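Here's a quick tour of a protein chain for you to follow along with. Keep the sequence and the 3D view side by side as you read.

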Amino acid sequence: MIFRLACLQIQSHRLRTIFAAVAAVLTSILDMTVISISYCILDSTQLSRMLAAGSDFHASVTGTCYSVSIETLCREIQNAPEVSEAFLLGIHSAISADTVYTGSGHQGMDIAFTDSEKSLPHLFMTPTKGQFPQSRDEIMLYEKAFPAASVGNHVRFTYDCSNGETMEIAYTVSGFYDCEADTPLSAVTLYDENSLPKIGMADQVDMAAQVMIRFHSSFGIDRRLEAVTERLEEWELPGVGVGSQINYAYAAADFGVFFRPGNVLLILFVVAVVFFAAFLLIYNIFSISLAQDMRTLGLLQVIGTTYRQMKRLTYVQIILIG
């Protein structure tokens, strides 16, 4: 009888292993389906961010609305507990460059003035050659806009100034970047307020000079920005308009889109399918295991196994299968 019991145990365990292996494969397929759907949703969200505004900053504060320098303003904003990152950014348009480097007579280029290389990923820029500008005389170029330029070249840019005149400034190319934004910026150089009067466009650039802000989360973004602006109240200029705004294009494409009713229902449906399928798999395997163990349990009872021992064996089997 003991030999017969051992043979039944070996046979039932072998069949149970096969069923468990099939269940593991099916469960893996379900899990990969859930991961694929989630990835597609997140990837489409990231794409919509790029198309929305070309940057993933939550909000911005304009420097001309305050009595302190834009650098001081940036440091104060960075110290706010709600803020994850803060960078200076100024953009000047209506700029043309040497035709020999652009390969065409393209006009109306945009140049970004920023204080840190860390701002590049937030503008969906990826450095490919060279390095970020280390001085106001260096510039980083969008490689597709300047196909004939190389690192170390001297490129002249013509600025349309606020007084109606034009001024040429020569920069040394420090590097190149690729950009995934829908409307890439043509170049990036180092922000330096001392260089603004020199190129005769101080008014234009100061109006565009902003502190770009990323919060720790986009939830409750209105309250977070309000808390930041309250820190700056002592420096507000009287009679000046609102100096802050939310990047609603990016905020709308942030995780709030991920939690739209349609996406939530889809996620709940997929989770329900996974749990239901897992329940059926475990239930069927356990039913098959009990059917295979009926003779074994009978033999165990014949040779003197108590009810408590059989109950413990059943519970252990449930835990292992689960």
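Start with F124, which sits in the loop between strand 3 and strand 4 (125–130). Keep in mind that this is a predicted model.

- Is F124 buried or exposed? Its relative accessibility is 7%, so F124 counts as buried, the cut-off being under 20%.
- For background, most residues other than glycine have a negative phi.

**Strand 3 and its partner**

- Which strand pairs with strand 3 in the parallel sense? That's strand 8 (residues 187–190), and the pairing runs over four bridges.
- To find one of these spots in the 3D view, look for I111, whose bridge partner in strand 8 is A187.
- T114 is also part of strand 3, and at 1% relative accessibility T114 counts as buried, because that is under 20%.
- The side chain of T114 has a polar contact of 2.7 Å with the side chain of S119.
- Leaving out residues up to four places away in sequence, T114 touches L88, L89, S119, F132, V188, T189, L190 and Y191.

**Aromatic rings**

- A pair of aromatic rings is described by the distance of the centres and the angle of the planes.
- With centres within 6.5 Å as the rule for a pair, the count comes to four aromatic pairs.
- Why is the pair of Y142 and Y177 called stacked? Their ring centres are 5.9 Å apart and their planes are at 25 degrees, so the pair falls under the 30-degree limit for stacking.
- Y142 belongs to strand 5 (residues 138–142) and Y177 to strand 7 (residues 166–179), so this pair ties together parts that are 35 residues apart in sequence.
- Both of these residues, Y142 and Y177, are buried.
- There's also one aromatic cluster formed by F146, F157 and Y171.

**The nonpolar core**

- The largest nonpolar core has 61 residues, and those touching the most other members are L73, I77, L141, F146, F157, V211 and I213.
- Which strand gives the most to this core? Strand 2 (residues 83–97) does, with seven residues.
- Take L141 as an example: setting aside neighbours within four places in sequence, L141 is in contact with F146, A149, V155, F157, V173, G175, F176, Y177, S186 and A187.
- As a general background point, nonpolar side chains tend to be buried together in soluble globular proteins.

**An exposed spot**

- P238 is found in the loop between helix 5 (221–231) and strand 10 (244–246).
- With 75% relative accessibility, P238 counts as exposed, because the cut-off is over 50%.
- P238 and C65 are 173 residues apart in sequence, yet their C-alpha atoms are 8.7 Å apart in space.

**The whole chain**

- The protein chain has nine helices and ten strands.
- Of its 322 residues, 39% are buried.
- Among contacts with a separation of 6 or more, 75% are between residues 24 or more positions apart.
- The accessible surface comes to about 17,900 Å², and 60% of that belongs to carbon and sulfur atoms.

Notes
Residues are numbered from 1 along each chain as its sequence is written. This is a predicted model: local features need pLDDT of at least 70, side-chain atom pairs count only at pLDDT 80 or more; totals for chains, interfaces and linings use all residues. Side-chain values use heavy atoms; hydrogens and water are left out. Rings of Phe, Tyr and Trp (its six-membered ring) pair if their centres lie within 6.5 Å; planes under 30 degrees apart count as stacked, over 60 as edge-to-face and the rest as tilted. Helices (H or I, at least four residues) and strands (E, at least two) are DSSP runs, numbered from the N terminus. Buried means under 20% relative accessible area, exposed over 50%, partly exposed in between (1.4 Å probe, protein chains only). Two strands pair if DSSP finds at least two bridges between them. A polar contact is a pair of N or O atoms within 3.5 Å; within protein, one must be able to donate a hydrogen and the other to accept it, and residues adjacent in sequence count only if both atoms are side-chain atoms. Contact means heavy atoms within 4.5 Å. A nonpolar core is a set of buried Ala, Val, Leu, Ile, Met, Phe, Trp, Tyr and Cys residues joined through side-chain atoms within 4.5 Å. Accessible areas come from the Shrake-Rupley method with a 1.4 Å probe; for residues, only the protein chains shown count as cover.
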